[in-house]
Amino acid sequence: MAEAGSSTKQLEQKLGFGDLMGSAVGQIIGAGIMSLMPSAIAMTGRSVPLAFLIAATITCIGAIPNIFLASTVRLRGGAYTQMAMLGGPVFAGMSVITTFTGCFSLAMYCNSLADYVGDLFAWEAGTKKMAALAVILIFYALNIIGVDIFAKVQNLLVIILIFSLVIFAVMGIGKVQWEGYFSNDDGYFMTKGLMGLCQAGGLLTFATGGATVILNFSAEAKNPTRDIPVVIIVSTLCVAVMYGFISFVAAGVLPVQEVAGKNLTLVANVILNRPLYYLFVIGGAGCALASTLNNQLATTPKPIMQMCDDGWLPQSFAKLNKKKVPIVILTVYAALGVFTILTGISITFLSNMTQVTAAVTGVVIAWGPTKLPKMVPEAWEKSKFHVSDGALKALCALGVAGSLFNTYMNASNLSLQLLLINLGILAFAVVFGMTMSKRAHITVSYEVVD
């Protein structure tokens with residue numbers, strides 16, 4: 001039994017279509033575009049727009065099962081409810097492990113934001129670290145005020161962000177060296193062949209993905225079954241198109257060997273005047289990272305709340321403050337972020353530790369919606385995305401194939417050490433799920449919306 005004021009049932013439904021769209025776009029356009037674009041250029045050269053096309057295709061295919069589920073029921077515990085509903089107790093327990101390891105990404109956004117702004121003002125390393133700490137504490141404070149405040153801040157950040165990135169694309173597209181752009185005479189188009197292009201596409205799924213995180217807002221959405229599926233589709237496609245224009249500029253204005261693996265500000269400094277350059281660094285890179293950080297702090301506590309409701313974690317951990325915000329979970333997340341920043345632990349290492357486990361759960365989620373006709377037959381019949389049983393299985397199978405392909409592309413970049421660590425964490429997650437499922441009491445945390 002959940003304590004009063006601590007269950008996902010107490011969350012208030014305040015978020016409309018625009019709020020969800022701001023959340024999805026802010027999550028997609030984050031550290032990915034700023035930090036992964038240079039890496040993708042190093043892998044495939046000027047063909048990086050094709051890599052984005054591959055990434056967007058994989059992302060959209062992978063999102064199909066989420067769309068089916070989100071259009072059918074409200075998921076009070078977001079991604080956790082999805083896993084419990086479609087995978088059962090053991091997989092629900094595994095998601096406890098993957099959810100907590102994901103919290104270390106908060107430090108990545110803070111450090112990256114401090115680096116971008118710090119480079120602009122020539123800050124020393126110590127000043128950048130203090131700035132990163134200030135960033136996480138500021139957004140922690142904003143999020144404990146309430147989800148409605150989060151939405152207002154997020155929408156503002158996203159507006160500034162999109163404006164800044166559009167300026168970069170518009171001002172730069174005319175300066176792209178189109179002559180010979182699609183030729184490999186110099187060895188910088190599809191630099192590492194088809195495999196390099198596919199690996200770059202797999203890498204960039206981290207930049208095109210993210211919209212499905214709004215599943216975690218299902219309990220706080222006014223009309224989740226109508227709004228969430230549409231937001232996932234529209235936000236992903238619109239951002240992918242914008243990324244395409246940006247990638248032409250990033251890889252085509254300067255020689256590839258000069259920009260591969262380098263900060264996007266290198267190109268921005270060439271194509272933009274001083275005022276617009278500052279706008280790009282602060283409004284583009286800064287708001288991209290800030291919006292993702294803000295979104296992570298707002299969305300990730302909701303699955304953990306349902307984990308507490310189901311007995312995987314102490315119920316007191318999910319306590320809500322007067323603004324209906326899980327204050328304890330947010331505080332722990334912020335504390336872990338501060339710890340990671342202060343100790344300087346490698347964020348890249350931490351973020352790569354659970355790729356294999358995430359892939360396994362991704363396959364479960366991809367095939368899981370085939371259960372909808374039997375689990376919630378009436379709600380599935382009313383879904384605006386309802387299809388025949390045969391089409392449902394075919395589309396979910398496509399989602400499984402996309403998930404496996406993406407897993408292979410990303411795993412092929414892991415070192416042997418990281419691959420072994422991934423397998424170790426997968427084993428631990430399975431043991432945790434099997435052992436703790438005997439003590440947990442999985443409740444039905446999905447609801448049919450009238």
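Predicted model: local features only at pLDDT ≥ 70, side-chain atom pairs only at ≥ 80, totals over all residues.
View 1. C198 is in no disulfide. The cysteine sulfur nearest to that of C198 belongs to C60 and lies 17 Å away, whereas a disulfide requires two sulfur atoms within 2.5 Å. C198 is buried, with a relative accessible area of 16%. The structure as a whole holds zero disulfides.

**View 2. Helix 15, residues 327–343.** The helix has 17 residues. From its first C-alpha to its last it reaches 24 Å, close to the 24 Å expected at 1.5 Å a residue. Buried positions in helix 15 are I329, L330, Y333, A334, G337, T340 and I341. These residues lie on the same side of helix 15, because they cover an arc of only 130° around the axis. In an α-helix, residues three or four places apart point the same way, because there are 3.6 residues a turn.

**View 3. The residue just after helix 15.** G344 follows the helix and takes a positive phi of about 70°.

**View 4. The largest nonpolar core, with 136 residues.** Those that touch the most other members are I29, M37, L204 and W312. Helix 13 (residues 274–299) supplies the largest share of this core, eleven residues.

**View 5. Surroundings of I29.** Leaving out residues up to four places away in sequence, I29 touches L161, L165, V239, M242, Y243, A288, S291 and T292. I29 is also one of the core residues that touch the most other members.

Terms used:
Residues numbered from 1 in each chain as written. Heavy atoms only, no water. Helix = DSSP H or I, 4+ residues; strand = E, 2+ residues; numbered from the N terminus. Expected span 1.5 Å × (residues − 1). Buried < 20%, exposed > 50% of the residue type's maximum accessible area, 1.4 Å probe, protein only. Arc of directions from axis to C-beta. Core = buried A, V, L, I, M, F, W, Y, C linked by side-chain atoms within 4.5 Å. Contact = heavy atoms within 4.5 Å.
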